[in-house]
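Visitor: I would like to learn how to read the overall build of a protein model, and then how to read a pocket in one. Could we take a case together?

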Amino acid sequence: MAAGLVGIGRYVPEKIVTNADLEKIMDTSDEWIRTRTGIEERRIAGDDENTSDLAYKAAEAAMKDAGITADQVGLILVNTVTPDQPFPSVACMVQEKIGAKNAAAMDQAAACAGYIYGLVTAKHFVEAGTYDYVLVVGVEKLSKITDWSDRNTAVLFGDGACAAVVGNVSEGKGILSFELGADGTGGKHLYQDEEDHIVMNGREVFKFAVRQMGESAINVIEKAGYTKEDVDFLIPHQANIRIIESARKRLELPEEKVATVISKYGNTSAASIGNAMVECVENGQIKDGDLLVLVGFGGGLTWGALTLRYGK
């Protein structure tokens with residue numbers, strides 16, 4: 001049996017912060033942000049919402065979609081760079097909140113590529129027969145590490161959570177191929193400083209992302225035995241509309257076959273790909289049996305991609 005996604009879910013905070021709102025607190029403009037990033041608004045968690053709260057709500061939605069109960073979950077993997085605190089892990093907090101008394105739990109930190117890392121890790125546990133169901137969560141409260149006086153980074157980020165239940169799926173479905181990678185020499189281009197703020201060399205990250213997103217997408221398609229013409233839908237990390245466009249053109253896909261929700265949510269790091277996927281399933285862009293390519297990149301520098309035949 002192959003491992004795939006038997007349930008998906010997400011949660012985004014209610015508070016919307018528009019570009020016009022940011023114009024009031026920093027030297028920027030709606031036109032500047034939209035033309036350079038594609039972002040129009042983002043969701044920001046309240047002071048009473050921490051990372052584990054966002055993760056819990058997405059996890060509940062994914063388990064409901066999968067039709068399983070918390071005691072059936074064997075492992076919880078939470079992907080985040082913004083935990084509530086250094087320890088206990090967010091995964092342990094989620095375990096308590098959902099009542100998954102039989103589950104092991106741990107956090108992973110691969111930044112914006114974290115959701116891909118989590119799905120690939122879950123795939124191996126399920127296909128080895130270790131666990132029937134692995135709950136994978138991608139979640140960030142980036143607003144708490146954003147330097148709101150830095151107009152170059154503050155306009156980019158938002159908060160949110162996504163989740164997937166990984167389990168055995170029917171023949172032909174599931175995760176067909178993957179690629180994970182890292183280049184620690186590039187860590188200096190995107191990191192959290194001593195003041196707990198995000199620092200980014202936008203030019204270097206952009207160059208890396210444009211190159212790596214396209215390469216990784218092509219690599220996993222070929223590993224799965226397909227060509228780019230076979231791809232039904234691309235779900236890239238939602239960091240910048242120009243990076244997304246570059247990946248789309250590399251795969252020669254029409255705009256309607258690419259997830260582009262960045263205008264509504266901004267960059268939500270580990271929550272980005274899963275959140276986009278849920279939205280595209282809900283609005284009918286992704287259908288049962290579609291061949292999907294998920295691809296992301298992030299601090300580390302890290303990257304990851306996979307092909308997925310969607311459905312149970």
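Guide: We can begin with burial, where a residue counts as buried under 20% relative accessible area, exposed over 50% and partly exposed in between, with a 1.4 Å probe and protein chains only; here 56% of the 312 residues of the protein chain are buried. This is a predicted model, in which local features need pLDDT of at least 70 and side-chain atom pairs count only at pLDDT 80 or more, while totals for chains, interfaces and linings use all residues. Residues are numbered from 1 along each chain as its sequence is written, and side-chain values use heavy atoms, with hydrogens and water left out.

Visitor: How many helices and strands does the secondary structure of the protein chain come to?

Guide: Helices (H or I, at least four residues) and strands (E, at least two) are DSSP runs numbered from the N terminus, and the protein chain has 10 helices and 13 strands.

Visitor: What share of the contacts joins residues at least 24 apart?

Guide: A contact means heavy atoms within 4.5 Å; among contacts between residues at least 6 apart in sequence, the share that joins residues at least 24 apart is 77% in the protein chain.

Visitor: How do the residues that line the largest pocket divide?

Guide: Ala, Val, Leu, Ile, Met, Phe, Trp, Tyr, Cys and Pro count as nonpolar, Asp, Glu, Lys and Arg as charged, and the others, Gly among them, as polar. A pocket is an open set of points on a 1 Å grid over the protein atoms alone, where a 1.4 Å probe fits, with protein on both sides within 12 Å along at least five of seven lines, and lining residues have an atom within 4 Å of a point. In the lining of the largest pocket, 18 residues are nonpolar, 10 polar and four charged, and α7 gives the largest share, five residues.

Visitor: How much space lies in the largest pocket?

Guide: A volume is the space filled by probe spheres set on the grid points, which are joined across faces, edges and corners, and for the largest pocket this is about 690 Å³. Leu156, Phe157, Leu190, Met200 and Val205 are the closest to its centre among the 32 lining residues.
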